[in-house]
Amino acid sequence: MTRPITNKTQKKFFLIDGSFIQEGLGFDFNIYCKDSHNNFFLLYKKNTPIMEAYAKKIIEKKEFYIHEKEREAYSQFHQKLSQLSKRHSNLEESYQRAIPFAKKLFQGSVSTVALAETVGIIHSLTMAVIEKDDPLSSVITSLMCKYQTSTHSLHVCIYSLYIGKELQLAKEQMLELGMAAFFHDIGKSKISQAILEKKGYLTPREYEEVKHHSLYGWSIAKSFGITNKGVLQGIRNHHERSDGTGYPDGLHKREIHLYAKIIAVCDVFDALTTQKSYKDSKGTFETLLMMKKEMHNHLDTHIVNAFITIFRKEHP
Ligand SMILES: [Fe+2]
C-alpha cells in the first residue's frame with residue numbers, strides 16, 4: 001500500500017464493482033480504496049497478479065475505485081467480463097453487488113459512481129430474474145430488513161422485475177422496467193436528510209418538498225442521458241394514483257405508464273413490509289390483502305393481482 005491521495009483529487013475516482021477481484025488474477029488498471037479519513041490509497045498495482053497472502057486483504061475491502069484516466073481500460077475489461085458472466089448471473093450476488101452503488105447514488109454522489117456500471121448491475125439483476133427461477137418468497141425474507149432509501153430502490157427493482165416476468169414482458173421492457181424501478185426515488189438525493197429521516201409528521205412545506213422528488217428524479221435521469229420514455233415516465237409518475245389524486249401530473253389510470261403502475265405497487269409493498277423507524281413491518285400476505293382491499297382507488301388492481309399470483313403459485 002502507498003501514501004494516501006488527498007481529497008483534492010477525489011472527483012477523479014470512480015466507484016467500481018470489485019466482485020471480479022480474485023487470487024491469481026491481474027488487471028491493467030490500478031485499484032484504489034478509501035481510508036477512514038476518506039483519502040484514497042493504492043490497493044492494487046496494475047499488471048501484477050494478486051498473490052494468495054494479499055488476496056484476502058484486498059477482497060475484504062468493501063468499496064473499490066479506479067482513476068478517471070484508466071476508465072477506458074476498466075470499461076473494456078468490464079465489458080468482456082459481463083459477456084462471460086451473463087449466463088451465471090445470480091440474484092443474491094447481483095443484489096449484494098448493487099448495494100454500494102445504490103448507497104452512493106442516494107448520497108447524491110452521482111459524479112463518483114461509474115454510472116455505466118450501475119446500469120450493468122441493473123442488467124445483471126434483470127437477467128437473474130429472467131433466467132433463474134428463484135422463488136420470490138425466498139428472496140423476500142432477505143429483503144425485509146431495515147428500510148433505507150437506497151436498499152428500498154433495489155427491493156422495488158427486484159419486486160418490479162418479478163411482476164414484469166409474471167406479465168410476460170419482453171426482455172427489452174424488463175430492462176427498462178428494472179432501470180425505472182432502480183432509479184425511481186433518485187430524486188430524494190436532492191432532499192435534505194433532516195426531512196427524509198424526520199420522525200413524526202412533516203410540515204405542509206416539508207411534505208411539498210418530499211413530493212417534489214419524482215420531478216427531481218425525472219430531471220436527474222435525463223441528466224444521466226436516459227431518453228427512454230418508459231423509463232422517464234416510470235420515475236416521474238410512480239406516485240400517480242388510478243383515481244387521479246396522485247402527483248406530480250394528476251394522471252388517471254389509463255394515462256399512467258405500465259412501469260409507473262408496477263413501481264407504485266412495489267413501492268407500497270416494500271414500505272409496508274420493511275421496518276421503518278416509526279413502525280413495525282407487516283407480513284407479506286397481510287400486506288397484499290390490505291393493498292387489494294383498501295388501495296384499489298390508488299393502485300392498479302391488475303398489477304396487485306399479478307403480484308398476488310406470484311405468491312399463490314409458490315404457495316398453492
Ligand atoms: Fe417515491
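**A residue and its surroundings**

Guide: Val 304 counts as buried, because 22 C-beta neighbours lie inside 10 Å and the threshold for that label is 20 or more. This is a predicted model.

Visitor: Which helix holds Val 304?

Guide: Val 304 belongs to helix H14, which covers residues 301-314.

Visitor: And what is Val 304 in contact with, leaving aside neighbours within four places in sequence?

Guide: Its contacts are Val 265, Met 291, Lys 292 and Leu 299.

Visitor: Stepping back, how many helices and strands are in the protein chain?

Guide: The protein chain has 14 helices and four strands. It comprises 316 residues, of which 35% count as buried. Among its contacts with a separation of 6 or more, 72% are between residues 24 or more positions apart.

Visitor: At what angle do H11 and H12 pack?

Guide: Helix H11 (residues 229-236) and helix H12 (residues 258-273) pack at about 40 degrees, and their axes are 7 Å apart. The crossing is right-handed.

Visitor: Which residues meet there?

Guide: From H11, Gly 230, Gln 233 and Gly 234 meet Tyr 259, Ala 260 and Ile 263 of H12. By type, the residues of this contact divide into three nonpolar, three polar and no charged.

Visitor: New topic: where does H3 bend?

Guide: H3 bends at Ala 98 by about 30 degrees, and Pro 100 follows within four residues. The helix has 16 residues (91-106) and reaches 21 Å from its first C-alpha to its last, close to the 22 Å expected. Its buried residues include Ala 98, Phe 101 and Leu 105.

Visitor: Is Asn 38 buried or exposed?

Guide: Asn 38 is exposed, because it has 10 other C-beta atoms within 10 Å and the limit for that label is 12 or fewer.

Visitor: And what is phi at Gln 168?

Guide: Phi of Gln 168 is near 55 degrees, again a positive value in a residue other than glycine. Gln 168 is in the loop between helix H6 (149-166) and helix H7 (171-182), and it counts as exposed, with 8 C-beta neighbours inside 10 Å.

Terms used. Residues numbered from 1 in each chain as written. Predicted model: local features only at pLDDT ≥ 70, side-chain atom pairs only at ≥ 80, totals over all residues. Helix = DSSP H or I, 4+ residues; strand = E, 2+ residues; numbered from the N terminus. Contact = placed C-beta atoms within 7 Å. Axes fitted to C-alpha atoms, helices over the stretch in contact; angles between N-to-C directions. Left-handed = near helix turned anticlockwise from the far one by under 90°. Nonpolar A, V, L, I, M, F, W, Y, C, P; charged D, E, K, R; others polar. Expected span 1.5 Å × (residues − 1). Bend = angle between axes of the 7 residues up to and from the residue.
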